[in-house]
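I opened the notebook to record what I looked up in this model, taking sheets and helices in turn.

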Amino acid sequence: MASCVMSLCKDPSDWIEEAAALPHRLFLRTPAGREIGYAELREQSGRIAAALRLRGVLPGDRVAAQVDKSPEAVLLYVACLRMGAIFVPINTANTSNEVEYFLRDSQPRVIIVRPSECNAIEPLAKQAGAMHVETLGTGGEGSLTELSGKCGADFQPVKCNTVSTAAIVYTSGTTGRSKGAMLTRANLASNALALAEAWRFNENDVLLHALPLFHIHGLFVAINTVMASGSSLLLLPKFDAAEVLAHLRDATVYMGVPTHYARLLQQVDLNRDTTVRIRVFISGSAPLLPETHRAFRERTGHVILERYGMTETLINTSNPYQGPRIPGSVGPTLKGTQIRVNHAESGGLENSRDEFGVLEVKGPNVFAGYWRDAEKTRSEFTADAWFKTGDVGRIDRDGYVHIVGRAKDLVISGGYNVYPIEVESELDALAGVQESAVFGVSHPDLGEGVTAAVVAKAGAVLSEHGILEAVRMRLARYKIPKRILLVDELPRNAMGKVQKNELRKAFATIYSAN
Ligand code: MLC
Ligand code: AMP
């Protein structure tokens, strides 16, 4: 097997320079037959960087993107890395009021959107102070490509301080609106190198990429690990179980969320033969059920490698490449990262025993803080500078971390995080709604289904359908409750706090009974 990590580079830009120097090295391929070598990655990302510079983007300026997945979307991210701009990825499911908030908060110099969204975004961008709106479509069409096509290929990457911010990724907070997590160039570089080494990435690897590009999983865990090891991507436009299955023979590594594995298991052709070329299947972003782990092993012979991460910390732990991969555990910490259990805090997790506590993390992977929110940053770190993950777990005798629950009020649906408060605020604002409580209920496909209990105001008549219609334009689709349950009152404890555990128990089977 060829070398695992090309060299110990300190900045993500260096990966591209190094790999581009090697002739004929492939970076990206699509099922339609498009190929981009590392040399072209350097050239084409350079043209995009030059185009952004023409629009006034300087190092440290934000470049926001709400675009569909495409090779150009990958090139855009790389262009930002190489010019020292701060990349702000936005979920394509976010509605215009959500996008408006991200723009006002991050103040980008340029926002790149799908061509069909240009007219809707322009007034929002103007209000937020973004100077330019550019477009990029799935086929690479749009004003960004037109502009970059007029730029030369001689772009010189900007030398950046490794502690400078490379990306701001919005992640919902436990209170109020989303916060922008500032990830530095050193965070990205150190994590990618640790992962490339832990997962034995080498230049012959082909990563089958079916994840979205606006979260750390599909963007940094997948793409940076590929770039850091000089390997390549087979880029699918989205996750589709049959498409993934059809391309497993063309790749050596697969990364997905547990819903991907649950859906692959529904494919009759998933077996040892169709997965024979893959050397490792990796899962993360949400808990992988031990049943899924076992069923996948039985059908394919592959033991899924589960790892644990967060937007604020990138990847913290991983089951070993060699050595036991334990179902229900996320493995030991990655090289350079430390995790401790704060036993004083079990975050109110009911039935937690003394050995459990809130997991706290330290290491080169931990982010620099929340964008323009020093107070929130302070409150999420301990006095001795450990980041409080809000996940509850324990570390066993062999150093394996086991996550048993969450202290933070969070639902993870198909690998997307939904903070109940955001959904509750929209529900509570509706005429006729007295109050609401949003919680997660076990869901066979999505892991957890976003679920709402709603109490009507005296005399008001509410319906599940009417409520869903009313919030449809306000919330991204994945945040919209799968069920609205009309109840007379919310269960509360003696302190008046809503007992979501009672709700979870009362409605535990609503999705499995379907
Ligand atoms: C789509 N829908 C969802 C959903 N995804 N609803 C709830 N939860 C989700 N995750 C809704 C759509 O709005 C639509 O609703 C309907 O389901 C079908 O849409 P779709 O586009 O066909 O969905 P599909 O392609 O099947 O997407 C499901 C999925 C996708 C699981 C493939 O959500 C996905 O790729 N998830 C990965 C998320 C991810 O990358 N997370 C990493 C976060 S980083 P309607 O109403 O129109 O029918 C992180 C840190 C770490 O967590 O450790 O990695
Ligand atoms: P995000 O804020 O989107 O980055 O999501 C991070 C959260 O996802 C973590 O704090 C965990 O709660 C959860 N998570 C990620 N990976 C795993 C995993 N392998 N097992 C359990 N939970 C996970």
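Predicted model: local features only at pLDDT ≥ 70, side-chain atom pairs only at ≥ 80, totals over all residues.

**Sheets and helix packing**

I began with E16 and strand E18 (residues 387-395), and found that four bridges join the two, which run antiparallel.

Is strand E16 (residues 357-362) mostly covered or mostly open? I looked up the burial of its residues and found the strand mostly covered, with five of its six residues buried; buried here means under 20% relative accessible area.

Next I wanted the whole sheet, and I read an open sheet of four strands in the order E15-E16-E18-E19, with antiparallel pairing. E15 and strand E19 (401-406) stand at the edges and have a single partner strand each, so one side of each is left without a neighbour in the sheet. From one strand to the next, I noted that the twist of this sheet averages 50°.

Which strands make up the open sheet of mixed pairing, and in what order? I traced eight strands, in the order E2-E1-E10-E9-E11-E12-E13-E14. Its edge strands are strand E2 (35-37) and strand E14 (314-318), each of which pairs on one side only. The twist in this sheet averages 25° from one strand to the next.

At the E14 end I looked at the pairing itself: strand E13 (residues 305-310) and E14 run antiparallel and are joined by four bridges. Within this pair I marked Gly 309, which stands opposite Ile 315 in E14.

I moved on to the helices, and checked first how helix H2 (residues 38-54) packs against helix H3 (residues 71-83): the angle is about 70°, with the axes 8 Å apart. That makes H2 roughly perpendicular to H3, because angles of 65 to 115 degrees count as such. On the H2 side I listed the contacting residues, among them Leu 41, Gln 44, Ser 45, Ile 48, Ala 49 and Leu 52, and on the H3 side they include Leu 75, Leu 76, Val 78, Ala 79 and Met 83. By class, I recorded 10 nonpolar, three polar and four charged residues in the contact of H2 with H3.

How do the axes of helix H1 (residues 12-20) and helix H7 (residues 185-198) cross? I found that they come within 8 Å and cross at roughly 55°, which makes H1 oblique to H7. Here Pro 12, Ser 13 and Trp 15 in H1 meet Arg 185, Leu 188, Ala 189, Ala 192 and Leu 193 in H7. This contact has six nonpolar residues, one polar and one charged.

Last, I looked up which residues of helix H4 (residues 96-106) are buried, and wrote down Asn 97, Glu 98, Val 99, Tyr 101, Phe 102, Leu 103 and Ser 106. Just after H4, I noted that Gln 107 takes a positive phi of about 50°.

Key:
Residues numbered from 1 in each chain as written. Chains lettered and ligands numbered in written order. Heavy atoms only, no water. Axes fitted to C-alpha atoms, helices over the stretch in contact; angles between N-to-C directions. Parallel < 35°, antiparallel > 145°, perpendicular 65-115°, else oblique. Contact = heavy atoms within 4.5 Å. Nonpolar A, V, L, I, M, F, W, Y, C, P; charged D, E, K, R; others polar. Buried < 20%, exposed > 50% of the residue type's maximum accessible area, 1.4 Å probe, protein only. Pairing = 2+ DSSP bridges.
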